[in-house]
Amino acid sequence: MKKQTTLARLEAEALPLLEKSRLWQGDDAMQHGDTTVLLHCLAVTYFSLKLAGALRLRCDRKSLFRGAMLHDYFLYDWHDPDPSHRLHGFHHAEKALRNARADFALTETEEDIIAHHMFPLNAVPPRSREAVLVCLVDKGCSLYETLFRRTYPDLRALLGRNRPNRGKPAGQNISTQEVHK
Ligand SMILES: [Fe+2]
Ligand SMILES: [Fe+2]
């Protein structure tokens, strides 16, 4: 029951952000295994919020939500053999931050979450507890996605019922939507 409540709240909060961003582009690019970038971002958000709640952490919930949703907002398929995608692990946090700044007025905590989620691969550590949380959850989700298929069935269903081209599976949703700040 509680799971439903958390999911329902996440869905209500995620839809406006999906609408006014380029996040759906991440539905066309794989992150790990058969998990798309968008599904990965949603999962990192979901488990970061769950963990913050379970640990009763005092945190800026809105910034945690937005920072986690945008932490991999790099907007390309890192598997494409494009020279600019080389060393993706080292550079994509910076690219995600640049894109997120272009589309949103970010809080300091949101910037921290996005910029430092790849610590320790990127040398600068997260400063806020929200960014530490996302950094840790990101590692756990990435490992899970690398090892398993058909990940996060509830979150897949959430995306499936809200996908602009509903009926088409992930990977066929080339987004041309404008971003409205
Ligand atoms: Fe990342
Ligand atoms: Fe990530």
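How many residues does the largest nonpolar core have, and which of them have the most contacts inside it? In this predicted model, that core has 42 residues, and Leu42 and Ala43 are the ones with the most contacts inside it.

| Helix | Residues |
|---|---|
| H1 | 2-19 |
| H2 | 37-54 |
| H3 | 61-69 |
| H4 | 88-103 |
| H5 | 108-115 |
| H6 | 129-147 |
| H7 | 153-162 |

The greatest contribution to this core is that of H2, which gives 11 residues. Now pick out Leu42 in the structure. If you set aside its neighbours within four places in sequence, Leu42 is in contact with Ala14, Leu155 and Leu159. As background, nonpolar side chains tend to be buried together in soluble globular proteins.

Next, look at a pair of helices. H3 and H5 pack with their axes 8 Å apart, at an angle of about 35°, and the crossing of H3 past H5 is right-handed. On the H3 side the contact is made by Ser63, Arg66, Gly67 and Ala68, and on the H5 side by Thr109, Glu110, Ile113 and Ile114. Three of these contact residues are nonpolar, three are polar and two are charged.

Finally, turn to H6. With 19 residues at 1.5 Å a residue, H6 should span 27 Å, and its end C-alpha atoms are 28 Å apart, so the two values agree. Its buried residues are Glu130, Ala131, Leu133, Val134, Cys135, Val137, Asp138, Cys141 and Glu145. What covers these buried residues of H6? The cover includes strands E1 (30-32) and E2 (35-36), together with H2, H3 and H5.

Note on methods: Residues are numbered from 1 along each chain as its sequence is written. Chains are lettered from A and ligands numbered from 1 in the order in which they are written. This is a predicted model: local features need pLDDT of at least 70, side-chain atom pairs count only at pLDDT 80 or more; totals for chains, interfaces and linings use all residues. A nonpolar core is a set of buried Ala, Val, Leu, Ile, Met, Phe, Trp, Tyr and Cys residues joined through C-beta atoms within 7 Å. A residue is buried if 20 or more other C-beta atoms lie within 10 Å of its own, exposed if 12 or fewer, and partly exposed in between; C-beta atoms are placed from the backbone. Helices (H or I, at least four residues) and strands (E, at least two) are DSSP runs, numbered from the N terminus. Two residues are in contact if their C-beta atoms, placed from the backbone, lie within 7 Å. Axes are lines fitted to C-alpha atoms, for helices over the stretch in contact, and angles run from 0 to 180 degrees between N-to-C directions. A crossing is left-handed if the near helix is turned anticlockwise from the far one by less than a right angle, and right-handed if clockwise. Ala, Val, Leu, Ile, Met, Phe, Trp, Tyr, Cys and Pro count as nonpolar, Asp, Glu, Lys and Arg as charged, and the others, Gly among them, as polar. The expected span of a helix is 1.5 Å times one less than its number of residues.
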